[in-house]
Amino acid sequence: MPRDLPIGNGTLLAAFDFDYQIRDFYYPRVGKENHALGYPWRFGLWLEGEFSWLNRENWTLQRDYVSDALVTAVTASHPRLPLRLHFNDAIDYEKNVLVRRVRVQNLSSRPLAPRIFFHADLNAMENEIGDTVFFDPKNACLIHYKGPRYFLMSCATEATLGVTHFATGSKRHRGLEGTWRDAENGSLGGNPITQGSVDSVIGMHLSIAPGQEAVCHYWVAVGSNYHEVEELHRLVTQIGPDRLIERNIDYWRRWTLAGEKDYYGLPALLVERYRRSLLILRTQIDRGGAVIAANDTDIRQFNQDTYSYVWPRDGAVVSEALDRAGYGMISRRFLEFCTQKAVNYNYSASILAETGFLMHKYNPDGSVGSSWQPWLQDGEMLLPIQEDETALVIWAIWNHYRVHRDIEAIRPLYSPFVERAADFLLSFRDDKTHLPLPSYDLWEERRGVFSYTTATVIGGLNAAASLAALFQDEERGNAYTTAALEVRAALDQHLYCQHEGRFARGILFDDGVQTRDATVDASLLGLVIFGGYDPLDERMVRTAQAVEEQLWVKTGSGGLARYEGDSYQRAISREGVPGNPWVVCTLWLAQYRIAAARNRKSLERALPLLMWAAERALPSGVLPEQVHPESGDFISVSPLTWSHGTLVAAVLDFIEKAQALSGHVSRPHPATAGTDWR
C-alpha cells in the first residue's frame, strides 16, 4: 500500500498509508530503524455502543497536507456516526516528537460523548522480541522501550492532561492479535505492563455539546533513554501541542519560500506539485546526508528487502535538483556523505582507496547496503558496481559549485573523492575501444557497456576536468578532458546503430562474444541530460523518436515505460504496453523536449509530459516509481525520491529555458557545462 503522507525532520520519519495509519516509523535515521515494520498503528472511535476503526472501508477520508507545510490535513466522516474528524500531524522540525491534533465536530442536535483510541504497534530496533511497554505514573504516560530506544506516549483534552485510559498487551503471539482488540468495546483494561511482543492503546473520553466541537492531542516523544523522552514530554506540555503544530506550519512555509521562482506561466497544479515535491524530498533525506530512495515497507513482500538505501545515482540527481532549487545545504550534506561516510565505511575500503568507485548502494549510516551484484563470474573477479553511480556524484559536486560558487565548500571533496573517483573513470576503460569496461546498467538487471552509463562517464570526466582546473590541477584536468573526448568518440563509433539510425542501449558479453543490444530504452535520453549531446543532432532526434514511439503506453494511463518488454512488476502483457509507465522515464522525455526547444511554442511541447506526472500524483502530491498502464494505480514504492527529484529538475529545466527564450540573462544551467544546447 503506498505511503501517502510522509512527515519528518531528518531524524524521525513517519509515513501514513491510504487508511491514514502510520505504517513506517523511523528513528534515529531516515531509513533506519523502522520501529513499525509496516504494521498499522490504528485510530478508532466509539460512540453510543458502536465502534469503528478509521479506514477507507468505514470512513470517507480526505488526505492532504496543510499548504506548503509538512503538516497533515486529514478529514474523516462516517455514514452513520454524526461526527466529523479533522486531523493534523506534525513531527517537529527540531525535536523528535510527533504531535497529532484531533478536532471532533458534533454534527447532531444532541450532546455526544465519543471515545477515541490511539493504537501503537512498536517493534523497537526493527524486531518484536524483548520489547516492554508500561504505564508511567510519574508522567501519566505510556512508555515503550528496548535497549537504547524509548517511546513516550501521552495525550491531553481541553479538560485533562495525561493518560487516564490505556491498555498494554501482547500481539502476534499464541493467537493474540493485539491490544487494539481491547478497544472495540469502548473501554480499556488498564494492564500496567507487558513484555515481549507488545502493543498499546491510549483512550480519551470527550463530551461535545450539540453543533460544537472538542479538540484533543496525542504525542509520541522518541529518544535513546528515559530522560530524553521525559524532557521532550515536558517541552510539549510547556509549549503546548497546538503551538508546536503551528510553529511547524510557519517553519515549513518559510522553508518553502526560500526556493520560490518565477514560474513563467506554468499550470497551478504543476507548481503545487513542484513545491510539494521539495517538501517530500526533505522527508526522505537523513540529517547525515543520506538520500534514501524510498521508505515504503510493503515492497518487502517481493524479496524481503526494501528501498531504504542510498543509491548514489538517485542521490546525485536529487542533489543537483536541490542545488538549483535553492537548498544547497541539503545537497552539500549528501555530497559529504559520499565523500566521507560512504568511502570510510566501505567494506572494500582497500580496493576503493586504489580505484575510487562507489558501491551498489549504502545504508543511511554510510555502511554498504545489501546487493545482488556478484563479485565472481565465470571464474573471474569483477567489480559489482554501476559505474554511473560514481560518475554522477562527481557531476553533482561540480554542479554544486556552479550554482553556489563556494570553493571552500567543495575543497574538502576534491582530493578525498573527486581525484580518486575520476582516476577510476579514467582507468576503468577498454584499452582498445576507450569505452568504459562492463558494469551493471542503471536498472540493475544486466552487465555490459551501456550508452546511458557511458554518457554519465563523459559527464563525470568533464565535471572532474572543471574541478581540476578550479584547483590548478592541470595534469589531471588535461587527462580527464582527453578521456572524455575519447569516450565520446568511442560511444559514437561503437554504440551507434547505422542500420536503425539511432543509438543502441549497449553492448552485452556472453562467453567472450560481444552483441550489440539495440533494445529501445528510455535511459538513452541520458545522452542529452548527462552526456552533453545536442538534442537536435539527427542521431539524437531519431533516438528520441524511437523512445517515444516504442515506449509510450498507448492505452489507459499513458506515460513512458523503461524499455521494450520490461517485466519488473509488469501489470499487463499485450501490444501497445511495452511495460508499466515510470514517472522518471516520462519526465526524461519532458527534459529532452525542453532541451530541444528553440522557441516558446516548441518548449510547450514538454508541458503535457510534465502535467502527466503532476496528474499521476496522489492529492497529497506523492509520486510513485511506476503506475498501472490502465488504471493509473500506484505500483511498487511511493514516494520514490528519484521521481520527486526528477520532477523538480524537469520543472527547473522548463523555467530556465523559458527565461532564456524570454531574453533574460541568467547563470547557465549547471548540468550543461561544456555544452550549448540549452
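Arg562 forms a salt bridge with Glu445, the closest N and O atoms being 3.0 Å apart; a salt bridge here is a side-chain nitrogen of Lys or Arg within 4 Å of a carboxyl oxygen of Asp or Glu. Arg562 lies in the loop between strand E27 (560-561) and strand E28 (581-582), and Glu445 in the loop between strand E21 (439-440) and strand E22 (447-450), so the pair ties together parts that are 117 residues apart in sequence. Helices (H or I, at least four residues) and strands (E, at least two) are DSSP runs, numbered from the N terminus. The model is predicted: local features need pLDDT of at least 70, side-chain atom pairs count only at pLDDT 80 or more, and totals for chains, interfaces and linings use all residues. Residues are numbered from 1 along each chain as its sequence is written, and side-chain values use heavy atoms, with hydrogens and water left out.

Arg562 is buried, with a relative accessible area of 3%, whereas Glu445 is partly exposed at 34%. Buried means under 20% relative accessible area, exposed over 50%, and partly exposed in between (1.4 Å probe, protein chains only). Arg446 and Asp441 also meet in a salt bridge (2.6 Å, N to O). Both Arg446 and Asp441 are buried.

Over the whole structure, 55 salt bridges are found. One of them joins the side chains of Arg63 and Asp4 (2.3 Å, N to O). Arg63 lies in strand E7 (residues 60-65) and Asp4 in the segment before strand E1 (7-8), so this pair links parts 59 residues apart in sequence. Arg63 and Asp4 are both buried.

Strand E7 also belongs to an open sheet of nine strands. The order is E7-E8-E9-E10-E18-E14-E13-E12-E16, with antiparallel pairing. Two strands pair if DSSP finds at least two bridges between them. E7 and strand E16 (193-196) stand at the edges, each with a single partner strand, so one side of each is left without a neighbour in the sheet. Neighbouring strands are turned by 15° against each other on average, direction ignored. Axes are lines fitted to C-alpha atoms, for helices over the stretch in contact, and angles run from 0 to 180 degrees between N-to-C directions.

Within this sheet, strand E14 (residues 149-156) and strand E18 (residues 213-223) pair over seven bridges. Ala156 stands opposite His217 in E18. Helix H1 (residues 226-239) lies across strand E10 (97-106), strand E12 (131-136), strand E13 (141-146), E14 and E18, running at about 155° to E18. Helix H2 (residues 241-257) packs on the sheet as well, touching strand E9 (83-91), E10 and E18. The direction of H2 makes about 110° with that of E10.

Gly196 in E16 is the bridge partner of Asp131.

Strand E2 (residues 13-16) shows another pattern. Leu13 and Ala15 point one way, Ala14 and Phe16 the other, and all are buried. E2 pairs with E1 in the antiparallel sense over two bridges, and Leu13 in E2 is the bridge partner of Gly8. Four residues separate the strands of this hairpin, where Gly10 takes a positive phi near 95°. Four bridges join E2 to strand E3 (residues 22-29), again antiparallel. The hairpin of E2 and E3 has five residues between the strands, and Tyr20 in the turn has a positive phi of about 60°.

The largest nonpolar core holds 215 residues, of which Phe25, Ile394 and Trp588 touch the most other members. Such a core is a set of buried Ala, Val, Leu, Ile, Met, Phe, Trp, Tyr and Cys residues joined through side-chain atoms within 4.5 Å. Helix H14 (residues 583-596) gives the most to this core, with 11 residues. A second, separate core of nine residues includes Trp46, Phe51, Phe117 and Ala183.

Ala455 lies in helix H10 (residues 451-470) and is buried at 0% relative accessibility. The C-alpha atoms of Ala455 and Val528, 73 residues apart along the chain, are separated by 8.2 Å.

Note on methods:
Contact = heavy atoms within 4.5 Å.
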